[in-house]
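Subject: Structure handover

Hello,

Here is the structure for you to take over. My notes on what was found in it follow below.

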Amino acid sequence: MAKRKRALITGITGQDGSYLTEFLLAKDYEVYGLVRRSSSFNTDRIDHLYQDPHESDVKLRLVYGDLNDASSLNQIIKTLKPDEIYNLAAQSHVRVSFDIPEYTAEIVGLGATRILEAIRDSGVMSKYYQASSSEMFGNSAPPQNERTPFYPRSPYAAAKVYAYWMAVNYREAYDIFACNGILFNHESPRRGETFVTRKITMALARIKHGVQKDLFLGNLESKRDWGFAGDYVEAMWLMLQQDKPDDYVIATGQTYSVKDFLIEAFGYVGLDWEKYVKIDQRYFRPTEVDCLLGDSRKAKKILHWEPKTDFKQLVRMMVDADMACVEKQIYGTKGRR
Ligand code: NAP
Ligand code: F7E
């Protein structure tokens, strides 16, 4: 019997980490997830995958560590010798990165370097996936692809550009199998509630059930290429299964404004968004990214990857999930009677 492949995922408790874990377990991987210590439980998104470590044939295990702590990363990589490492951990909120720029650089930028150094130093030669971002394109005109120049517009994006080039440099300097997945925005019912899509669908469900009056937002004109996170984790895995390491844009090729998202979501449940949405300056950014629209033809040609979920399906999936979630909060586990 072939030996099971072993993957290490940083950021396993995040949106993408949870979908990637499901994906790799279904492919019979042994998955190790790096979690940071927290005073309250932070494993909600992966609780349904939990396996009692005392049982035999356990395929998912969690290990404590932090991207800010090189010694834990060195130790984990040396001991586990993973075949593949997916670096998804990040302070991933663009607006917040303006408030905590130094910490963002520490985790997003130097955190990636610490993992690459741990791979090099250990001699294990794990394959490495770097969660790069369309935010790196920033002010560059759409459509954006692998040849589009980076023009970061936030501390988050600048830190991601640094991490991107470190992955390229370790590939060229030390022959490490390092890939950058330049992913455009991807959402799901597991999206953090302070990102605009989930903020809208959660508020909409609460408004529909009469437990919220207003929804305060910032810039409604910015446009994003929004896909479904469940589709995108397959592309991460595919990059590490190729003969040669490379960098790929992953996107839907469609762009919609925040206002378009409001129209689609509120329209779906028969409400007029203009009656509920109010503008609050605090949600604007000092510098904005106006329009992201990805050209993922390279991924289609080489990885044979294409998105399966379109904008309308994504919005409806998120609204349906949040309606169910709010009903559960209001009516208890039995739902509406
Ligand atoms: P997310 O939901 O915000 O998850 C971030 C993860 O990183 C969480 O598991 C978090 O742990 C962990 N983390 C944060 N700081 C850490 C630290 N110091 N040490 C160890 N772990 C730490 O992000 P996501 O949406 O899943 O995105 C995954 C990755 O893709 C991120 O790198 C993000 O920047 C990048 N990306 C995302 C998108 C998108 O549209 N979602 C697009 C392009 C790139 P806690 O649960 O303990 O907070
Ligand atoms: O903002 C506007 C905001 O925070 C989208 C991260 O996963 O994707 C994400 O970054 C747009 C921006 O995502 C509100 O100004 C209006 O133009 O949902 P977001 P993001 O900044 O695009 C990239 C690819 C990543 O890599 C990141 O990790 O929506 N907007 N009003 C608002 N945004 C928020 N958050 N809240 C508002 O009230």
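Within β11, I250 is the bridge partner of L183. Helices (H or I, at least four residues) and strands (E, at least two) are DSSP runs, numbered from the N terminus.

Before going further, some ground rules. This is a predicted model, in which local features need pLDDT of at least 70 and side-chain atom pairs count only at pLDDT 80 or more, while totals for chains, interfaces and linings use all residues. Residues are numbered from 1 along each chain as its sequence is written, chains are lettered from A and ligands numbered from 1 in the order in which they are written, and side-chain values use heavy atoms, with hydrogens and water left out.

Strand β11 (residues 247–250) is covered on both faces, with D247 and V249 buried on one side and Y248 and I250 buried on the other. Buried means under 20% relative accessible area, exposed over 50%, and partly exposed in between (1.4 Å probe, protein chains only). In strand β6 sits C179, which counts as buried because its relative accessible area is 0%. C179 and Y86 are 93 residues apart in sequence, yet their C-alpha atoms are 9.8 Å apart in space.

**Ligand 1**

Around ligand 1 there are 25 residues, of which T13, D16, D66, S92 and Y156 come nearest; a residue belongs here if one of its heavy atoms lies within 4 Å of the ligand. By class, this shell divides into 10 nonpolar, 10 polar and 5 charged residues. In that count Ala, Val, Leu, Ile, Met, Phe, Trp, Tyr, Cys and Pro are nonpolar, Asp, Glu, Lys and Arg are charged, and the others, Gly among them, are polar.

At least two shell residues come from each of α1 (15–26), α4 (101–122), β5 (127–133) and α5 (155–174). The largest share, 3 residues, is from β5.

Backbone atoms make polar contacts with oxygen atoms of ligand 1. The distance is 3.4 Å for a backbone N or O atom of G11, 3.0 Å for a polar backbone atom of G14 and 3.1 Å for one of Q15. A polar contact is a pair of N or O atoms within 3.5 Å; within protein, one must be able to donate a hydrogen and the other to accept it, and residues adjacent in sequence count only if both atoms are side-chain atoms. Ligand 1 taken alone exposes 900 Å², and the protein buries 90% of that.

**Ligand 2**

The shell of ligand 2 has 22 residues, with S133, Y156, S222, R285 and E288 the closest. It is made up of 7 nonpolar, 9 polar and 6 charged residues. Ligand 2 lies between domain 1 (6–187 + 225–250) and domain 2 (196–223 + 255–287 + 309–331), because both give residues to its shell. The domain bounds come from an automatic or database domain assignment.

A polar side-chain atom of R191 is 2.9 Å from an oxygen atom of ligand 2. Nitrogen atoms of ligand 2 are reached by a polar backbone atom of T194 at 2.9 Å and by a backbone N or O atom of G218 at 2.8 Å. Taken alone, ligand 2 exposes 700 Å², of which the protein buries 95%. Accessible areas come from the Shrake-Rupley method with a 1.4 Å probe; for residues, only the protein chains shown count as cover.

Regards

How values were computed:
Two strands pair if DSSP finds at least two bridges between them.
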